[in-house]
Amino acid sequence: RRVAEMKENHVIRGSVMLVDPLKLGLAVNVFVHVSLRQQDKTSLQKFTEAISDREEIMECYLMTGEADFLLRVVVEDLQKYQVLIMECLTQIEGVASIRSSFALNQVKYTTVLPTRHLKRSTHNSYYPGMTPPR
């Protein structure tokens, strides 16, 4: 009942299975810092549209600080990463710089969100937007 209510209230967005990337030959994990020449709405939109269909780009965040975007890229090898850089990222209008950091080892990875801050009842937990247990 609780899971159904969480789905109904869009707390649960979907279900996935976690796959070991190494078993699929995806050995290179890269964090890419991308800076744009301008941070106007059009430039930001052009960038997000240009990378949206690239399956090797696992995550993309609009950032504050030195870079405008932080990407997490997973590929088979350095040659595949070079293809992404040369055929995609350097071709996007408005990109000023690209800095790459290669992950040597994954120290921690989780998909579990922290939930201690949520209110608890004596029997069940509930989430914002859901009806608390009676």
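**Exercise 1. Is Glu93 buried, partly exposed or exposed, and what is its relative accessible area?**

Solution. The model is predicted: local features need pLDDT of at least 70, side-chain atom pairs count only at pLDDT 80 or more, and totals for chains, interfaces and linings use all residues. Residues are numbered from 1 along each chain as its sequence is written, and side-chain values use heavy atoms, with hydrogens and water left out.

Step 1. Buried means under 20% relative accessible area, exposed over 50%, and partly exposed in between (1.4 Å probe, protein chains only).

Step 2. Glu93 has a relative accessible area of 57%, so Glu93 is exposed.

**Exercise 2. Describe the salt bridge of Lys46 and the parts of the chain that it ties together.**

Solution. Step 1. A salt bridge is a side-chain nitrogen of Lys or Arg within 4 Å of a carboxyl oxygen of Asp or Glu. Lys46 pairs with Glu93, and their closest N and O atoms are 3.3 Å apart.

Step 2. Helices (H or I, at least four residues) and strands (E, at least two) are DSSP runs, numbered from the N terminus. Because Lys46 is in helix α2 (residues 41-51) and Glu93 is in the loop between α3 and β4 (95-102), the pair ties together parts 47 residues apart in sequence.

Step 3. Lys46 is partly exposed, at 35% relative accessibility.

**Exercise 3. Compare the accessibility of the two partners in the Glu5 and Arg1 salt bridge.**

Solution. Step 1. The closest N and O atoms of Glu5 and Arg1 are 3.8 Å apart.

Step 2. Glu5 is at 17% relative accessibility and therefore counts as buried, whereas Arg1, at 74%, is exposed.

**Exercise 4. Place Met58 in the fold and in the largest pocket.**

Solution. Step 1. Met58 is in strand β2 (residues 57-62) and is partly exposed at 46% relative accessibility.

Step 2. Contact means heavy atoms within 4.5 Å. Leaving aside neighbours within four places in sequence, Met58 touches Arg72 and Val74.

Step 3. On a 1 Å grid over the protein atoms alone, a pocket is an open set of points where a 1.4 Å probe fits, with protein on both sides within 12 Å along at least five of seven lines; lining residues have an atom within 4 Å of a point. Of the 30 residues lining the largest pocket, those nearest its centre are Pro21, Met58, Arg72, Val74 and Tyr109. Elements giving two or more residues to this lining are β1 (28-36), β2, β3 (69-75) and α3 (78-87).
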